[in-house]
Every structure is written in C-alpha cells, then in structure tokens.
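Subject: Structure for you to look at

Hello,

Please find the structure below, with the sequence. My notes on it follow.

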Amino acid sequence: MNSSTEYNQYEKIYKDEIKKIESGLSKLLRDKKPESLYTPCSYILNGGGKRLRPFLVLISAKAVGGKFNQTYNAAMAMEILHNFTLVHDDIMDNSNMRRGRVTLHKKYDTNTAILAGDSLIALAYEYLLKDCKDNTKQIVSNFTKAVTEVCEGQSLDKEFELSRNVSIDDYKNMIYKKTAALMESCCAVGARIAGATNKQINAVARYGKYLGMAFQIQDDLLDLVADESEFGKTVGSDLIEGKKTYLLLRAMEKAKGVKRKSLQRVFENKGVKKEEIGFYKNLYIELGVTKDAEHEIIKYTKLALKNLPVLPNEEGRQLMNWLANILINRNK
C-alpha cells in the first residue's frame, strides 16, 4: 500500500469515528429539562472543532489491542471535559468568539455559562463511568488528575498576565497543565479501558503528553503566521492580548538593544495595537524565534512517536503516527 493510500485510509477512519462522536454528542442532552440549562450545554457541545481528544482515546485503545467501541463513552467524556474548560476559559478571558460562533456567556449570560460548565463536568464523569469495568478507580483517578491539571494550568496562565518574570520553563509547565495533561489523560484512559499493561499505558500517555506540547507551541506559531481566512480567528491575537507565548518569551531571551526595548513595550502596554502586528512578526522572524518554535514542535513530535514501538496493534500505531504528522502540518 502506498503512502497516499494509507493517508486516505487513516483520514477516512478519523472522519468516520468523529462522525460517531458528533452524533453521540448531539443526542446526549436531547429532551433533558430544564431547557434553560441543557440548551446552552448542547450549544457548546455541538460547536464542532477537531475532536482531537476523543480520537486520542479511541486510537490509544486500538493501539494496545482494544476496540474503538469499548471506549466511545469515555471518548465523549473527554470531549465534554474539554468543552467544560473552554466555557470557563472564555468567561475568564472575556472572549467573544469560539470556533467561529458567539461564546456561551455572550450568547446567554455569564451565570448561565458557569452553570452549564459545572453541568458538563458532572456529565463527563457520568459518561466516563459507562465504559469503566474492573479498573474504575485508576481510570477515574487519571481523569480527575487531568481536571486538576487543567485548572492549575489556567490559573498559571492568568498569573502570567500580571508577571514580568515568566521563563520558557514556566511557560512549558503551564502548557503541560493546560493542554498536554488532558491529551496525556485521553491516551491513558483509552489504554486502561482496553486492558493495557502498565508499560503500554505509560507509552501512550507519553505520546499524548508530547503531542500536546507540540500542539500548543504550534498554536502559538499559527497565531502569528497562519492565513487568517483558514485560521478562523484574528492572526496576531496573542500579541494584541500581550500573552506570554513561546514566541514572545524566546524573543525576549534573544533580543538586545532596540529590539529588546520594542519587546518590553508588549509587557508594559499589556499587548500591541492591531497595526503593530506586522512589525512584531518581522521582529520574530529576524530573531529566528519562528524557526525555534518549529524546532520545538518537531522535537516534541519526535518524542511522542518514540513511544509507539512498544504498542502491539499495527493499525493503532499507524493511526497515532498519522495523527502526529497531520497535527505538525496543520494550518489552523
């Protein structure tokens, strides 16, 4: 089988499985009362997105010798959990748009969005438990650790907004907690449900962790270099908001003189004007930080892929390999 045929085969599996997840999510809260709670919950769950996290649950189960249909409920649980974090993130960041749609707290109101987020976390546990058999305690523990890590990551992210002394190590710890820990948990939960050995669980968890690190640094990079029509949101929004991304922190490490003063203005003014984005983009390119980010993305992707040889199922391994390569080459 040639590589393009394999690529199409794995893409078809991804699309088919995501359709099943989408279908499950769309039926989840049908006819539940009160509508004032469950209609907003449905709105956020049906907002689309890559559905990366549920797919990680499925392919991790497959890679250790299990089946997709063992883990559909747990896969939905991970997507519900992810959406819970997005609802609360959007409230804290006062965001207007998410995935091309009005955010929940703007469409309804903040109190409704908080309550909907709270309901989603309960719903996530309910669906996770549907797939638990003999090792419920370990699976729930894995899941709960991810909830805690995500909250810690969001707290650090908010803390960084007020701090002038954020290092790249601090940043990496934050993105591990905010993004990579949940992807790590998706993989571990999928493998646990499928009855994997500890060695296999550790391998898929590391794959998820490193993939998550690459994914977030790629997000930082795309925020600056993506085509806005494909990206779906304002390019340069991290600079406008003054976010301490990998690019900004790496630029501060490398810059001297006038360039350093220009970067310090991002901190002092808590962001830049929209018309200044081009200037800072060019500055990042001159300093080589876009290349540095690309190297980091490749480094973490390779670290993820190093964990695949110990996994027993060939198709599962290939799907993990395909997914890592898709993510590293994405444009949105």
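**Tyr300 and helix 15**

Leaving out residues up to four places away in sequence, Tyr300 touches Lys172, Tyr210, Met213, Ala214 and Ile217. Please keep in mind that this is a predicted model. Tyr300 sits in helix 15. Is Tyr300 buried or exposed? Its relative accessibility is 9%, so Tyr300 counts as buried, the cut-off being under 20%. Trp322 lies 22 residues from Tyr300 along the chain, and the C-alpha atoms of the two are separated by 15 Å.

Helix 15 covers residues 289–305. At 1.5 Å a residue, its 17 residues should span 24 Å, and the end C-alpha atoms are 24 Å apart, which agrees. Tyr300 is one of the buried residues of this helix; the others are Val289, Thr290, Asp292, Ala293, Glu296, Ile297, Thr301 and Ala304. What do the buried residues of helix 15 pack against? Their partners are helix 8, helix 9 (198–225), helix 12, helix 14 (277–287) and helix 16 (314–328).

**The chain as a whole**

The chain has 16 helices and 2 strands. Its radius of gyration is 20 Å, close to the 20 Å that the globule rule gives for 332 residues, so the chain is as compact as a globular protein of that length. Along the principal axes, the C-alpha trace spans about 60 × 50 × 35 Å.

Of the 332 residues, 55% are buried. Among contacts with a separation of 6 or more, 73% are between residues 24 or more positions apart. The chain exposes about 15,400 Å², and carbon and sulfur atoms supply 49% of that area. As for charge, there are 52 positive and 42 negative side chains, and the centres of the two sets lie 2 Å apart.

Helix 12 (246–254) is one of the partners of helix 15. The buried residues in helix 12 are Tyr246, Leu247, Leu248, Leu249, Ala251 and Met252. They pack against helix 8, helix 9, helix 13, helix 14 and helix 15.

Where is Thr245 placed? Thr245 is in the loop between helix 11 (237–241) and helix 12. With 7% relative accessibility, Thr245 counts as buried. Apart from neighbours within four places in sequence, Thr245 is in contact with Tyr171, Asp220 and Asp238.

**Helix 7**

Helix 7 runs over residues 136–162. Its 27 residues should span 39 Å at 1.5 Å a residue; the end C-alpha atoms are 40 Å apart, which agrees. The buried residues of helix 7 are Ile139, Asn142, Phe143, Ala146, Val147, Glu149, Val150, Gly153, Gln154, Leu156, Asp157 and Phe160. Which helices do these residues pack against? They pack against helix 4 (72–93), helix 6 (110–130) and helix 8 (168–193).

Gln9 belongs to helix 1 (residues 3–27). Its relative accessible area is 29%, so Gln9 is partly exposed. Gln9 and Thr39 are 30 residues apart in sequence, and their C-alpha atoms are 36 Å apart in space.

Pro34 is found in the loop between helix 1 and helix 2 (35–45). The peptide bond from Lys33 to Pro34 is cis, with omega near 5°.

**Backbone angles to check**

Most peptide bonds are trans, and most residues other than glycine have a negative phi.

- Asn94 is not a glycine, yet has a positive phi of about 55°. Asn94 lies in the loop between helix 4 and strand 1 (97–98), and is partly exposed, with a relative accessible area of 48%.
- Lys270, also not a glycine, has a positive phi of about 55°. Lys270 lies in the loop between helix 13 (257–268) and helix 14. Is Lys270 buried or exposed? Its relative accessible area is 59%, so Lys270 is exposed, the cut-off being over 50%.

Regards

Notes: Residues numbered from 1 in each chain as written. Predicted model: local features only at pLDDT ≥ 70, side-chain atom pairs only at ≥ 80, totals over all residues. Heavy atoms only, no water. Helix = DSSP H or I, 4+ residues; strand = E, 2+ residues; numbered from the N terminus. Rg over C-alpha atoms; globule rule 2.2 N^0.38 Å. Buried < 20%, exposed > 50% of the residue type's maximum accessible area, 1.4 Å probe, protein only. Contact = heavy atoms within 4.5 Å. Areas by Shrake-Rupley, 256 points an atom, 1.4 Å probe, with all protein chains shown as cover. Lys, Arg positive; Asp, Glu negative; His and termini not counted. Charge placed at Lys NZ, Arg CZ, Asp CG, Glu CD. Expected span 1.5 Å × (residues − 1).
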